Amino acid sequence: SLKRKLSNVFSVESGVSGSSDTGVKVIVRMRPPNKNEEDGEVIVQKTSGDSLTILGHSFTFDSVADATSTQDDIFHLVGAPLVENCLAGFNSSVFAYGQTGSGKTYTIWGPANALLEDDLCSDQQGLTPRVFERLFSRISEEQNKHADKQLMYQCRCSFLEIYNEQITDLLDPAQGNLHIREDIKTGVYVENLTEEAVCNIKDVTRLLKKGLSNRRIGATSINMESSRSHSVFTCVVESRCKSMDGLSSFKTSRINLVDLAGSERQKLTGAAGERLKEAGNINRSLSQLGNLINILAEVSQNGKQRHIPYRDSKLTFLLQDSLGGNAKLAMICAISPAQSCKSETFSTLRFAKRAKAIKNKAVVNEQ
Ligand code: ADP
(Lines give C-alpha, C1' and ligand atoms only; values in the text may rest on other atoms or scores of the structure.)
Protein backbone atom coordinates (compact mmCIF):
# COMPACT_ATOMS: atom_id res chain seq x y z
CA SER A 1 0.00 0.00 0.00
CA LEU A 2 1.16 3.49 -0.78
CA LYS A 3 -0.35 4.67 2.42
CA ARG A 4 2.03 4.81 5.34
CA LYS A 5 1.64 6.20 8.75
CA LEU A 6 4.00 8.87 9.97
CA SER A 7 4.57 7.07 13.23
CA ASN A 8 6.17 4.19 11.31
CA VAL A 9 8.56 6.30 9.33
CA PHE A 10 11.99 4.80 8.94
CA SER A 11 14.22 6.98 11.03
CA VAL A 12 17.92 7.50 11.48
CA GLU A 13 20.10 9.11 14.08
CA SER A 14 21.19 12.20 12.30
CA GLY A 15 24.86 12.72 11.79
CA VAL A 16 25.77 16.30 11.10
CA SER A 17 27.83 16.88 8.02
CA GLY A 18 27.13 20.52 7.40
CA SER A 19 25.39 23.34 9.17
CA SER A 20 24.56 26.93 8.61
CA ASP A 21 23.21 29.73 10.71
CA THR A 22 20.54 31.25 8.59
CA GLY A 23 18.22 34.14 9.03
CA VAL A 24 14.57 33.83 8.18
CA LYS A 25 13.98 35.04 4.65
CA VAL A 26 11.11 37.53 4.70
CA ILE A 27 9.23 38.43 1.56
CA VAL A 28 6.35 40.88 1.49
CA ARG A 29 3.85 40.39 -1.30
CA MET A 30 1.23 42.99 -2.10
CA ARG A 31 -1.72 41.78 -4.12
CA PRO A 32 -3.30 43.95 -6.82
CA PRO A 33 -6.38 45.99 -5.82
CA ASN A 34 -9.61 44.09 -6.33
CA LYS A 35 -12.73 45.43 -8.03
CA ASN A 36 -14.04 47.16 -4.89
CA GLU A 37 -10.70 48.77 -4.19
CA GLU A 38 -9.82 50.02 -7.66
CA ASP A 39 -11.45 53.40 -7.17
CA GLY A 40 -10.47 53.73 -3.53
CA GLU A 41 -7.30 55.08 -2.08
CA VAL A 42 -4.23 52.90 -2.35
CA ILE A 43 -1.85 53.51 0.52
CA VAL A 44 1.39 52.00 -0.72
CA GLN A 45 3.40 54.84 -2.18
CA LYS A 46 6.57 53.20 -3.37
CA THR A 47 8.05 49.75 -3.74
CA SER A 48 11.46 48.69 -4.91
CA GLY A 49 13.16 45.30 -4.98
CA ASP A 50 13.45 45.11 -1.21
CA SER A 51 11.59 48.00 0.34
CA LEU A 52 8.22 49.67 0.46
CA THR A 53 6.92 52.99 1.72
CA ILE A 54 3.46 53.16 3.08
CA LEU A 55 1.96 56.41 4.39
CA GLY A 56 5.44 57.78 4.89
CA HIS A 57 6.81 54.71 6.75
CA SER A 58 9.55 52.72 5.01
CA PHE A 59 10.26 49.04 5.55
CA THR A 60 13.05 46.89 4.15
CA PHE A 61 12.87 43.09 3.75
CA ASP A 62 14.69 40.44 1.73
CA SER A 63 12.30 41.13 -1.12
CA VAL A 64 9.18 43.09 -1.80
CA ALA A 65 6.92 41.67 -4.51
CA ASP A 66 4.55 44.39 -5.67
CA ALA A 67 1.15 44.09 -7.31
CA THR A 68 2.75 43.24 -10.67
CA SER A 69 4.67 40.24 -9.31
CA THR A 70 3.79 36.92 -10.88
CA GLN A 71 3.47 33.44 -9.38
CA ASP A 72 6.65 32.59 -11.26
CA ASP A 73 8.50 35.50 -9.59
CA ILE A 74 7.52 34.11 -6.19
CA PHE A 75 8.67 30.66 -7.26
CA HIS A 76 12.09 32.04 -8.20
CA LEU A 77 12.37 33.98 -4.95
CA VAL A 78 11.22 31.24 -2.61
CA GLY A 79 10.43 27.95 -4.36
CA ALA A 80 13.57 27.27 -6.37
CA PRO A 81 15.94 27.89 -3.40
CA LEU A 82 13.67 25.74 -1.23
CA VAL A 83 14.05 22.78 -3.61
CA GLU A 84 17.85 23.17 -3.65
CA ASN A 85 17.96 23.39 0.15
CA CYS A 86 15.82 20.30 0.42
CA LEU A 87 18.04 18.30 -1.96
CA ALA A 88 21.09 19.44 -0.01
CA GLY A 89 19.49 17.83 3.07
CA PHE A 90 18.05 20.86 4.87
CA ASN A 91 14.55 20.98 6.30
CA SER A 92 12.84 23.85 4.52
CA SER A 93 9.60 25.67 5.32
CA VAL A 94 7.49 28.42 3.82
CA PHE A 95 4.82 30.19 5.88
CA ALA A 96 2.22 32.53 4.39
CA TYR A 97 1.09 35.14 6.92
CA GLY A 98 -1.41 37.97 6.56
CA GLN A 99 -5.01 39.05 7.00
CA THR A 100 -7.83 37.19 5.27
CA GLY A 101 -8.09 38.23 1.64
CA SER A 102 -4.46 39.37 1.35
CA GLY A 103 -3.40 36.54 -0.99
CA LYS A 104 -1.94 33.77 1.23
CA THR A 105 -3.91 30.95 -0.37
CA TYR A 106 -3.34 32.32 -3.86
CA THR A 107 0.40 32.42 -3.16
CA ILE A 108 0.78 29.00 -1.53
CA TRP A 109 -1.66 26.86 -3.56
CA GLY A 110 -2.88 29.11 -6.37
CA PRO A 111 -6.44 30.04 -7.24
CA ALA A 112 -8.77 27.12 -6.55
CA ASN A 113 -9.79 26.71 -10.20
CA ALA A 114 -6.21 26.32 -11.47
CA LEU A 115 -5.70 23.32 -9.19
CA LEU A 116 -9.11 21.84 -9.71
CA GLU A 117 -8.87 22.02 -13.49
CA ASP A 118 -5.51 20.28 -13.42
CA ASP A 119 -4.20 23.20 -15.37
CA LEU A 120 -0.52 22.59 -14.70
CA CYS A 121 0.62 25.09 -17.29
CA SER A 122 -1.48 27.87 -15.85
CA ASP A 123 0.55 30.92 -14.99
CA GLN A 124 -1.73 31.25 -11.96
CA GLN A 125 -0.41 28.04 -10.38
CA GLY A 126 0.75 28.66 -6.84
CA LEU A 127 4.02 27.91 -5.13
CA THR A 128 3.27 24.31 -4.09
CA PRO A 129 2.68 22.74 -7.52
CA ARG A 130 5.67 24.68 -8.86
CA VAL A 131 7.91 23.43 -6.06
CA PHE A 132 7.00 19.81 -6.77
CA GLU A 133 7.37 20.15 -10.52
CA ARG A 134 10.88 21.43 -9.88
CA LEU A 135 11.63 18.86 -7.18
CA PHE A 136 10.83 15.91 -9.47
CA SER A 137 12.77 17.34 -12.41
CA ARG A 138 15.79 18.01 -10.16
CA ILE A 139 15.57 14.48 -8.76
CA SER A 140 15.78 12.96 -12.29
CA GLU A 141 18.63 15.30 -13.08
CA GLU A 142 20.55 14.19 -9.98
CA GLN A 143 19.87 10.54 -10.75
CA ASN A 144 21.20 10.92 -14.30
CA LYS A 145 24.22 12.81 -13.10
CA HIS A 146 25.11 10.15 -10.53
CA ALA A 147 23.95 7.10 -12.44
CA ASP A 148 26.96 5.11 -11.17
CA LYS A 149 25.95 5.66 -7.56
CA GLN A 150 22.45 4.15 -7.57
CA LEU A 151 20.85 7.28 -6.18
CA MET A 152 17.37 6.48 -4.90
CA TYR A 153 14.77 8.95 -3.76
CA GLN A 154 11.55 8.47 -1.88
CA CYS A 155 9.06 11.31 -1.29
CA ARG A 156 6.06 11.03 1.01
CA CYS A 157 3.42 13.71 1.58
CA SER A 158 0.92 14.52 4.28
CA PHE A 159 -1.61 17.31 4.55
CA LEU A 160 -3.21 18.51 7.77
CA GLU A 161 -5.30 21.31 9.14
CA ILE A 162 -5.20 22.95 12.55
CA TYR A 163 -8.55 24.43 13.41
CA ASN A 164 -9.76 25.37 16.85
CA GLU A 165 -6.56 23.74 18.27
CA GLN A 166 -7.57 20.40 16.76
CA ILE A 167 -5.60 18.58 14.10
CA THR A 168 -7.45 17.02 11.16
CA ASP A 169 -5.88 14.78 8.53
CA LEU A 170 -6.96 16.43 5.29
CA LEU A 171 -6.27 13.18 3.42
CA ASP A 172 -8.48 11.22 5.82
CA PRO A 173 -10.65 13.61 7.87
CA ALA A 174 -12.85 10.78 9.19
CA GLN A 175 -10.11 9.93 11.69
CA GLY A 176 -11.10 12.95 13.78
CA ASN A 177 -8.77 14.91 16.00
CA LEU A 178 -5.16 13.65 15.87
CA HIS A 179 -2.48 14.09 18.50
CA ILE A 180 1.07 15.35 18.38
CA ARG A 181 3.66 12.95 19.78
CA GLU A 182 7.35 13.26 20.28
CA ASP A 183 10.08 10.66 20.59
CA ILE A 184 13.82 10.73 20.53
CA LYS A 185 14.17 9.03 17.15
CA THR A 186 11.40 10.57 15.06
CA GLY A 187 11.17 13.91 16.84
CA VAL A 188 7.76 15.59 16.74
CA TYR A 189 5.11 13.87 14.64
CA VAL A 190 1.35 13.57 14.29
CA GLU A 191 0.12 10.16 15.31
CA ASN A 192 -1.80 8.27 12.59
CA LEU A 193 -1.39 11.03 10.03
CA THR A 194 -1.70 9.64 6.48
CA GLU A 195 1.48 9.72 4.45
CA GLU A 196 1.35 8.90 0.76
CA ALA A 197 4.28 8.16 -1.49
CA VAL A 198 4.50 10.53 -4.46
CA CYS A 199 6.53 9.95 -7.62
CA ASN A 200 5.42 12.77 -9.88
CA ILE A 201 3.55 16.05 -10.01
CA LYS A 202 0.26 14.28 -10.81
CA ASP A 203 0.46 12.39 -7.50
CA VAL A 204 1.03 15.65 -5.66
CA THR A 205 -1.81 17.58 -7.32
CA ARG A 206 -4.17 14.69 -6.61
CA LEU A 207 -3.32 14.97 -2.89
CA LEU A 208 -3.55 18.75 -2.95
CA LYS A 209 -6.99 18.66 -4.54
CA LYS A 210 -8.22 16.04 -2.13
CA GLY A 211 -6.89 17.90 0.90
CA LEU A 212 -8.02 21.36 -0.15
CA SER A 213 -11.54 20.11 -0.77
CA ASN A 214 -11.61 18.76 2.80
CA ARG A 215 -10.58 22.08 4.32
CA ARG A 216 -12.92 23.81 6.64
CA ILE A 217 -14.15 27.25 5.80
CA GLY A 218 -15.86 29.39 8.43
CA ALA A 219 -18.12 32.32 7.64
CA THR A 220 -17.81 35.55 9.59
CA SER A 221 -19.54 38.86 9.12
CA ILE A 222 -16.43 40.45 7.68
CA ASN A 223 -15.71 37.88 5.00
CA MET A 224 -17.87 34.98 3.96
CA GLU A 225 -14.95 32.75 3.20
CA SER A 226 -12.43 33.80 5.74
CA SER A 227 -9.98 31.01 6.30
CA ARG A 228 -9.89 30.31 10.00
CA SER A 229 -7.62 27.31 9.83
CA HIS A 230 -3.92 26.70 9.35
CA SER A 231 -3.10 24.17 6.62
CA VAL A 232 0.23 22.39 6.50
CA PHE A 233 1.42 20.37 3.50
CA THR A 234 4.53 18.33 4.29
CA CYS A 235 6.82 16.24 2.12
CA VAL A 236 9.57 14.02 3.49
CA VAL A 237 12.34 13.50 0.95
CA GLU A 238 14.72 10.61 1.59
CA SER A 239 17.70 9.82 -0.58
CA ARG A 240 19.94 6.81 -0.49
CA CYS A 241 23.17 6.68 -2.38
CA LYS A 242 25.28 3.58 -3.01
CA SER A 243 28.71 4.05 -4.51
CA MET A 244 30.89 1.49 -6.41
CA ASP A 245 32.80 0.58 -3.27
CA GLY A 246 29.54 -0.45 -1.60
CA LEU A 247 29.37 2.45 0.85
CA SER A 248 25.95 3.94 1.22
CA SER A 249 24.70 7.19 2.64
CA PHE A 250 21.27 8.31 3.65
CA LYS A 251 19.83 11.82 3.71
CA THR A 252 16.43 12.98 4.81
CA SER A 253 14.78 16.38 4.73
CA ARG A 254 11.35 17.85 5.00
CA ILE A 255 9.45 20.51 3.11
CA ASN A 256 6.61 22.29 4.92
CA LEU A 257 4.26 24.62 3.06
CA VAL A 258 2.01 26.44 5.50
CA ASP A 259 -1.03 28.58 4.79
CA LEU A 260 -1.79 30.31 8.09
CA ALA A 261 -5.20 31.44 9.31
CA GLY A 262 -6.05 35.10 8.74
CA SER A 263 -4.07 37.31 11.11
CA GLU A 264 -6.82 39.95 11.50
CA ARG A 265 -7.89 40.80 14.99
CA GLN A 266 -10.98 38.80 15.83
CA LYS A 267 -12.83 41.68 17.46
CA LEU A 268 -13.35 43.08 13.97
CA THR A 269 -15.44 40.15 12.91
CA GLY A 270 -18.30 40.48 15.38
CA ALA A 271 -17.95 36.81 16.32
CA ALA A 272 -19.98 35.51 19.24
CA GLY A 273 -20.62 32.29 21.15
CA GLU A 274 -19.01 29.20 19.57
CA ARG A 275 -17.39 31.38 16.94
CA LEU A 276 -15.75 33.49 19.62
CA LYS A 277 -14.41 30.42 21.40
CA GLU A 278 -13.06 29.21 18.10
CA ALA A 279 -11.50 32.60 17.52
CA GLY A 280 -9.73 32.34 20.87
CA ASN A 281 -8.27 28.99 19.91
CA ILE A 282 -7.33 30.07 16.42
CA ASN A 283 -5.64 33.01 18.01
CA ARG A 284 -3.81 30.66 20.36
CA SER A 285 -1.79 29.17 17.50
CA LEU A 286 -1.35 32.51 15.77
CA SER A 287 -0.68 34.59 18.85
CA GLN A 288 1.73 31.91 20.05
CA LEU A 289 3.50 32.16 16.70
CA GLY A 290 3.74 35.92 17.28
CA ASN A 291 5.07 35.38 20.83
CA LEU A 292 7.69 32.90 19.66
CA ILE A 293 8.80 35.24 16.91
CA ASN A 294 9.29 37.99 19.50
CA ILE A 295 11.22 35.68 21.84
CA LEU A 296 13.36 34.19 19.07
CA ALA A 297 14.14 37.60 17.61
CA GLU A 298 15.27 38.71 21.06
CA VAL A 299 17.37 35.57 21.63
CA SER A 300 18.96 35.95 18.17
CA GLN A 301 19.87 39.53 18.99
CA ASN A 302 21.18 39.28 22.54
CA GLY A 303 22.34 35.64 22.47
CA LYS A 304 20.88 34.91 25.93
CA GLN A 305 19.39 31.45 26.47
CA ARG A 306 15.76 31.27 27.47
CA HIS A 307 12.89 28.84 27.52
CA ILE A 308 10.97 28.82 24.24
CA PRO A 309 7.34 27.78 24.84
CA TYR A 310 6.87 25.74 21.65
CA ARG A 311 4.29 23.48 23.25
CA ASP A 312 1.81 26.21 24.08
CA SER A 313 0.01 25.79 20.76
CA LYS A 314 -0.45 23.02 18.17
CA LEU A 315 1.05 25.07 15.37
CA THR A 316 4.25 26.00 17.19
CA PHE A 317 4.66 22.51 18.71
CA LEU A 318 4.34 20.86 15.30
CA LEU A 319 6.52 23.34 13.44
CA GLN A 320 9.10 24.03 16.14
CA ASP A 321 11.91 22.94 13.84
CA SER A 322 11.01 25.74 11.44
CA LEU A 323 11.08 28.33 14.23
CA GLY A 324 14.58 28.94 15.45
CA GLY A 325 15.46 25.28 14.94
CA ASN A 326 16.76 22.94 12.29
CA ALA A 327 15.23 24.43 9.16
CA LYS A 328 15.51 27.13 6.58
CA LEU A 329 12.45 29.31 6.82
CA ALA A 330 10.90 31.73 4.35
CA MET A 331 7.99 33.84 5.50
CA ILE A 332 5.76 35.36 2.84
CA CYS A 333 3.82 38.21 4.37
CA ALA A 334 0.81 39.06 2.24
CA ILE A 335 -0.71 42.54 2.27
CA SER A 336 -3.54 44.38 0.55
CA PRO A 337 -2.91 47.78 -1.08
CA ALA A 338 -6.19 49.26 0.19
CA GLN A 339 -6.69 52.10 2.64
CA SER A 340 -9.38 50.07 4.40
CA CYS A 341 -6.79 47.43 5.38
CA LYS A 342 -4.29 49.96 6.73
CA SER A 343 -4.07 48.85 10.35
CA GLU A 344 -3.87 45.14 9.49
CA THR A 345 -1.21 45.91 6.88
CA PHE A 346 0.92 47.75 9.44
CA SER A 347 0.45 44.90 11.87
CA THR A 348 1.61 42.39 9.22
CA LEU A 349 4.64 44.53 8.38
CA ARG A 350 5.61 44.77 12.06
CA PHE A 351 5.33 41.00 12.33
CA ALA A 352 7.48 40.64 9.19
CA LYS A 353 10.09 42.96 10.63
CA ARG A 354 10.39 40.92 13.84
CA ALA A 355 10.57 37.64 11.87
CA LYS A 356 13.54 39.08 9.98
CA ALA A 357 15.55 39.17 13.20
CA ILE A 358 15.38 35.38 13.82
CA LYS A 359 18.33 33.10 13.16
CA ASN A 360 17.60 29.42 12.52
CA LYS A 361 20.22 26.69 12.90
CA ALA A 362 19.80 24.40 9.94
CA VAL A 363 21.85 21.21 9.70
CA VAL A 364 21.94 18.49 7.06
CA ASN A 365 20.45 15.20 8.26
CA GLU A 366 22.88 12.69 6.81
CA GLN A 367 24.17 9.29 7.70
P1 ADP B 1 -6.17 34.74 1.78
O2 ADP B 1 -5.76 33.31 1.57
O3 ADP B 1 -5.08 35.57 2.36
O4 ADP B 1 -7.46 34.87 2.54
P5 ADP B 1 -6.68 34.70 -1.07
O6 ADP B 1 -5.45 34.03 -1.52
O7 ADP B 1 -7.93 33.88 -1.03
O8 ADP B 1 -6.47 35.39 0.35
O9 ADP B 1 -6.88 35.99 -1.98
C10 ADP B 1 -8.06 36.78 -1.98
C11 ADP B 1 -8.51 37.06 -3.42
O12 ADP B 1 -7.52 37.84 -4.11
C13 ADP B 1 -8.66 35.79 -4.23
O14 ADP B 1 -9.75 35.98 -5.11
C15 ADP B 1 -7.38 35.69 -5.01
O16 ADP B 1 -7.51 34.95 -6.20
C17 ADP B 1 -7.02 37.15 -5.26
N18 ADP B 1 -5.55 37.36 -5.28
C19 ADP B 1 -4.73 37.29 -4.24
N20 ADP B 1 -3.46 37.57 -4.57
C21 ADP B 1 -3.48 37.83 -5.90
C22 ADP B 1 -2.47 38.19 -6.85
N23 ADP B 1 -1.18 38.33 -6.51
N24 ADP B 1 -2.86 38.37 -8.13
C25 ADP B 1 -4.16 38.22 -8.50
N26 ADP B 1 -5.15 37.89 -7.65
C27 ADP B 1 -4.83 37.70 -6.36
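In this predicted model, arginine 311 is exposed, with a relative accessible area of 55%. Its side chain meets that of glutamate 182 in a salt bridge, at 2.2 Å from N to O. Glutamate 182 counts as partly exposed, at 41% relative accessibility. The two residues belong to distant parts of the chain, 129 residues apart: glutamate 182 is in strand S11 (residues 180–183), and arginine 311 is in the loop between H6 and helix H7 (314–318).

A search of the whole structure finds 14 salt bridges. Three of them are listed here.

| Salt bridge | N to O distance |
|---|---|
| Glutamate 182 – arginine 311 | 2.2 Å |
| Glutamate 142 – arginine 138 | 3.1 Å |
| Glutamate 165 – arginine 284 | 3.8 Å |

Glutamate 165 counts as buried, at 7% relative accessibility, whereas arginine 284 is partly exposed, at 38%.

Glutamate 142 and arginine 138 sit within one helix, H4 (residues 127–145); because they are four residues apart there, about one helical turn separates them. An α-helix has 3.6 residues a turn, so residues three or four places apart point the same way. Glutamate 142 is buried, with a relative accessible area of 13%, and arginine 138 is buried too, with 12%. Salt bridges that share partners join Glu84, Arg138, Glu141, Glu142 and Lys145 into one network.

The model also holds a ligand. Residues around the ligand include Arg29, Arg31, Pro32, Gln99 and Tyr106. By class, this shell has two nonpolar, six polar and three charged residues. Helix H2 (residues 104–108) gives the most to the shell, with three residues.

Oxygen atoms of the ligand lie 3.2 Å from a backbone N or O atom of serine 102, 3.1 Å from a polar backbone atom of glycine 103, and 2.6 Å from a polar side-chain atom of threonine 105. The protein covers 66% of the 560 Å² of accessible area that the ligand has on its own.

Helix H8 takes in residues 342–355, which is 14 residues. At 1.5 Å a residue the helix should span 20 Å, and its end C-alpha atoms are 20 Å apart, so the two values agree. Buried residues in H8 include Glu344, Thr345, Phe346 and Leu349.

Notes:
Residues are numbered from 1 along each chain as its sequence is written. This is a predicted model: local features need pLDDT of at least 70, side-chain atom pairs count only at pLDDT 80 or more; totals for chains, interfaces and linings use all residues. Side-chain values use heavy atoms; hydrogens and water are left out. The expected span of a helix is 1.5 Å times one less than its number of residues. Buried means under 20% relative accessible area, exposed over 50%, partly exposed in between (1.4 Å probe, protein chains only). A residue is near a molecule or strand if one of its heavy atoms lies within 4 Å of it. A polar contact is a pair of N or O atoms within 3.5 Å; within protein, one must be able to donate a hydrogen and the other to accept it, and residues adjacent in sequence count only if both atoms are side-chain atoms. Accessible areas come from the Shrake-Rupley method with a 1.4 Å probe; for residues, only the protein chains shown count as cover. Ala, Val, Leu, Ile, Met, Phe, Trp, Tyr, Cys and Pro count as nonpolar, Asp, Glu, Lys and Arg as charged, and the others, Gly among them, as polar. A salt bridge is a side-chain nitrogen of Lys or Arg within 4 Å of a carboxyl oxygen of Asp or Glu.
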